[in-house]
Amino acid sequence: MRVAPNMVKNFPAAVCAILLLLAPGLAAAQVLCPPVAGRSYDVAVKIDVPAPKLDRTKTRAALGSFAPHGTRLTVLGAMRSDLEFESRATYGHVATADGVCIWVEQVKVDLRYRSLDMFVAKEYAPSSCAYRAILAHEKQHADIARRYVERYAPRIRQALASLLIPKSSKPLV
């Protein structure tokens with residue numbers, strides 16, 4: 001699996017920066033910023049797993065050149081995925097006599113595979129037993145990729161819901 005270079009693109013860096021910059025004054029900030037009524041904190045984690053695509057145009061040698069095993073092994077089939085992680089946050093604020101109180105209102109996270117590509121070497125006829133066995137094996141890899149994001153989506157949501165992120169009930173100044 002290849003993780004996109006921007007895997008942490010837009011990860012609520014502002015939240016982290018705010019917490020680091022204001023950490024020394026957190027106790028005082030909670031006294032200066034009363035809870036903000038009518039606002040809530042929401043975390044949404046969305047997953048998107050496309051149907052795997054089958055490619056039969058590559059030879060065993062070509063599959064060996066891009067498979068993680070390298071060219072030292074004969075590769076009969078392969079599964080390649082492109083996982084992307086993106087997050088966005090929205091913030092609220094209100095001016096007070098002591099400054100501006102801020103909080104996070106919503107964090108949205110998208111876990112998506114841009115692609116799931118299954119490969120069966122073109123040397124194998126679709127009617128052959130070997131082809132069916134290789135394809136069944138590659139489908140298992142695609143299923144594992146799907147289960148991977150289904151398994152981690154709730155964990156990501158729970159982690160973001162439990163962090164010490166300033167919420168409207170305890171904004172920061």
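**Note on the predicted chain**

1. Among contacts in the chain with a separation of 6 or more, 79% join residues 24 or more positions apart. The model is predicted.

2. Next, the layout. The chain has four helices and five strands. Read from the N terminus, the order of elements is β-α-α-β-β-α-β-β-α.

3. On burial and surface: 31% of the 173 residues count as buried. The accessible surface is about 10,300 Å². Carbon and sulfur atoms hold 60% of that area.

4. The largest nonpolar core has 16 residues. Y41, V107, V109, L111, Y113, I156 and L160 touch the most other members. At least two core residues come from each of β4 (77–96), β5 (99–120) and α4 (129–162). β5 gives the largest share, with six residues. There is also a second, separate core of twelve residues, with M118, A121, Y131 and A142 among them.

5. Besides its place in the largest core, Y41 has K167 over its ring face, 4.9 Å from the ring centre.

6. Which residues make up the tilted aromatic pair? The whole structure contains one aromatic pair, and its partners are Y148 and Y152. Their centres are 5.2 Å apart, with 55° between the planes. Both sit in helix α4, four residues apart, so about one helical turn separates them.

7. Are the two partners buried, exposed or partly exposed? Y148 has a relative accessible area of 34%, so it counts as partly exposed. Y152, at 28%, is partly exposed too. The cut-off for buried is under 20%.

Methods. Residues are numbered from 1 along each chain as its sequence is written. This is a predicted model: local features need pLDDT of at least 70, side-chain atom pairs count only at pLDDT 80 or more; totals for chains, interfaces and linings use all residues. Side-chain values use heavy atoms; hydrogens and water are left out. A nonpolar core is a set of buried Ala, Val, Leu, Ile, Met, Phe, Trp, Tyr and Cys residues joined through side-chain atoms within 4.5 Å. Buried means under 20% relative accessible area, exposed over 50%, partly exposed in between (1.4 Å probe, protein chains only). Contact means heavy atoms within 4.5 Å. Accessible areas come from the Shrake-Rupley method with a 1.4 Å probe; for residues, only the protein chains shown count as cover. Rings of Phe, Tyr and Trp (its six-membered ring) pair if their centres lie within 6.5 Å; planes under 30 degrees apart count as stacked, over 60 as edge-to-face and the rest as tilted. A charge sits over a ring if NZ of Lys or CZ of Arg is within 6 Å of the ring centre and within 35 degrees of the ring normal.
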